[in-house]
Amino acid sequence: MAAQNGFCASVVASSSCITSSSSRGRKVRSSLNNNINIKAWSVTRHFPRRISFKTTKNKAVAEPSSSNDVIDDFGLLSNMAVWSNPANNENYKLQTQILNLTNETTVIRSLDWDRDRFDIEFGLEKGTTYNSYVIKGSEKTVLIDTSHEKFEQLYMDSLVSVVGNDLSSIDYVVCSHTEPDHSGLIGKVLERAPNATVVGTKVCLAFLDNLVQKEFNKLVVKGGDVLELGDGRQLKFVPAPNLHWPDTMFSYDTESEFVYTCDAFGAHYCTKDVFDEELPKLMPHFSFYYECLMKPNARSVLTALRKCEADGVKLSTVCTGHGPILQRNSEELIGDYKKWSEKALEKAKSSVVVFYTADYGFSDRLSQSIARGVVKTDCEVAMLDLSTCDAQQIVEEVGRASGIVLLAPPNAKEEIQDNVGVLIGAVKPGKQKILVCESYGGDDEPVDPLMRKFAEIGLQESQSPLKCQSSPTEGTYQLYEEAGTDLGQLLTQKEKLKEMKSSMSADVARALGRVSGGLYIVTAVQGTAKSAMVASWIAQASFEPLGFTIAVAKDRAIESLMQVGDSFVLNCLGEDGFEAPMKHFLKRFPPGADRFEGVDWKPAPCGSPILADAVSYVECKVVSRMDANDHWVIYSEAIDGGVFNKDAKTASHFRKVATYY
Ligand code: FEO
């Protein structure tokens, strides 16, 4: 079978060659901890057009260029491999790409062409890349980050291409952040470069100990520390905590003036363009990435930008961990981070501080879900890691917050328990709400007694403690996100109502209220996460293909299940009999509640419910989303559909004012 791009992957045993993206079925989150099964890969080099190479017997690298050159070539692409995801038995195309950025600096990009999800809310339309960099100073060679473990063979082969067969020439491995998509192969590199020193923040190296599980040379660095690479060239470090983990740091090469930022300023956008060539195409992915990962940490984004400025770190060539390197449009894109973060803080009507324990159970991932839920409601979020923060930070953040979230810390860690004690002493009874949740770490402080400690001093819970008694599923992340949204709504609703009343012209609201709509129930499913909502702001938007728009409030739970590429079902209600389903789905459901309990439905091919009460249904796929202030306008294509009652008329929805649905 011919592989993509006109070259063929070698085939092992009877495994099939390349899987086309259209053959992929339902989206299932691929676990970072899944067993790896590379079905087919090849070390045969593919030499793309538009580039000249210096080739030797074992080595083929792109023609070097100076740091000032404009580089717009694809570099060296490996042959395509196929990774079979044991979670869903789907095949995913993998490839690596090498490009010399300067005489001394090379990027190794792991192209994960088909990755379709990061957690429940982060649907990927264009896969992602994991970017790793090699800097050859005159005296020291540095590797910055590695790749996801599923790339082991491809990545190690690429690294040998760049460094040579003897990886012991690598002096330092900089770990910018320990999530396995960047650090998953550090252990493998250290097996072949046992004398290399791993460089990272204190938190990072503590995490890495658990990941690598054998002794290795370590160098803890903090802000302002430098590594000498020879002839005055330095690698300078800037801690960037919470972008998006507490361990994150940037590294700045004083010679090339490249800054390595790992997750920050990245995009889940897999193309062969090494640089940010086509801004209009990149932009939706860049902004969505910010929205999911960085907006909950808006304050930390601004702090990191200030630190870079103070330390003389230029953000003109930004070597990201995902997606393209920012160079062509770096000023504009970094400016967007600043603008979006400032706007998020300005718009904030309330503030929530989330306490979690990094590297403990699912505390960090679950805390991110809660934070995402909270920021949907125009609340500012501060994330504090109980294993690294100090008493002063706790007192300051709690002093500013209206809401507190506490992910159960490990019982046995004395210093963490001391921090919980500081937190209990810092809260303001009667003035703040608290949400306590399990972390599923194996040694969680029991959440009910923990909540009672706060209740005893007069702190009110936003809801009962959240329980997580098995490895989190899509449904668990949905529960935590929805609980975050509920907390945010609780803290902001009065302010929002006041603002709406004062800003609204009564005449305009009455006039717009005469615009009518239909009545529909939108249903969506991702794995064990299910949701539904009553919708009225729906309009056909195109003939070819048949498409329509639907406006979804940003703080709606179902919004997370309607990302670009996701499928859902639009159930049309009839004039007769719309009341019962409408009443049911208009109820305020507690976080994580099953919206379909007691409802008669069957699954559409995409898995989303078709309601027995509907007069017709349309199965749809989300094509694009437009930011419309407090709503997302979601444009979708109709894929399939059916009419159950051809004589029924669609229910209409009339209002007198436009200030409510
Ligand atoms: Fe790309 Fe936070 O790992």
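What share of the contacts in the protein chain with a separation of 6 or more comes from residues 24 or more positions apart? The figure is 70%. Keep in mind throughout that this is a predicted model.

Some totals to begin. The protein chain has 661 residues, and 57% of them are buried. Its secondary structure amounts to 14 helices and 36 strands.

The largest nonpolar core has 70 residues, and the members that touch the most others are Tyr155, Leu159, Ile170, Val173, Phe250 and Phe265. Helix 5, residues 279-294, gives the largest share of this core, with 10 residues. Another core lies apart from it; that one has 27 residues, including Phe207, Val354, Val381 and Cys437.

Now the aromatic rings. The count is 17 aromatic pairs. One of them joins phenylalanine 207 and tryptophan 245, edge-to-face, with 5.9 Å centre to centre and 80 degrees between the planes. Phenylalanine 207 sits in helix 4, residues 202-212, and tryptophan 245 in the loop between strand 17 (233-239) and strand 18 (249-253), so this pair ties together parts that are 38 residues apart in sequence. Both phenylalanine 207 and tryptophan 245 are buried.

A second pair is tyrosine 290 with tryptophan 340. Here the ring centres are 5.1 Å apart and the planes stand at 50 degrees, so the pair counts as tilted. Tyrosine 290 belongs to helix 5 and tryptophan 340 to helix 7 (residues 330-347), 50 residues apart, and the pair links these distant parts of the chain. Tyrosine 290 has 2% relative accessibility and counts as buried. Tyr290 and Trp340 also belong to a cluster linked by ring pairs, together with Phe250, Phe265, Phe286 and Tyr337.

Seven strands make up an open sheet with antiparallel pairing, in the order 28-27-31-34-35-30-29. Strand 28 (529-535) and strand 29 (538-542) are the edge strands, each pairing on one side only. On average, neighbouring strands of this sheet are turned by 35 degrees against each other, direction ignored. Helix 14, residues 579-586, packs on the sheet and touches strand 27 and strand 28; the directions of helix 14 and strand 28 make about 120 degrees.

Is strand 27 largely enclosed or open? Seven of its seven residues are buried, so strand 27 is largely enclosed by the rest of the structure. In a regular strand, side chains alternate between the two faces of the sheet. In strand 27, Tyr520, Val522, Ala524 and Gln526 point one way, while Ile521, Thr523 and Val525 point the other way.

As for its partners, strand 27 (residues 520-526) pairs with strand 28 over seven bridges, in the antiparallel sense. Valine 525 is opposite lysine 530 of strand 28, and threonine 523 is opposite alanine 532 of strand 28. Strand 27 and strand 28 form a hairpin with two residues between them, and in the turn glycine 527 has a positive phi of about 55 degrees. With strand 31 (residues 567-572), strand 27 pairs over four bridges, again antiparallel. There, valine 522 stands opposite leucine 570.

Key. Residues numbered from 1 in each chain as written. Heavy atoms only, no water. Core = buried A, V, L, I, M, F, W, Y, C linked by side-chain atoms within 4.5 Å. Buried < 20%, exposed > 50% of the residue type's maximum accessible area, 1.4 Å probe, protein only. Pairing = 2+ DSSP bridges. Axes fitted to C-alpha atoms, helices over the stretch in contact; angles between N-to-C directions. Contact = heavy atoms within 4.5 Å. Phe/Tyr/Trp six-rings, centres within 6.5 Å; stacked < 30°, edge-to-face > 60°.
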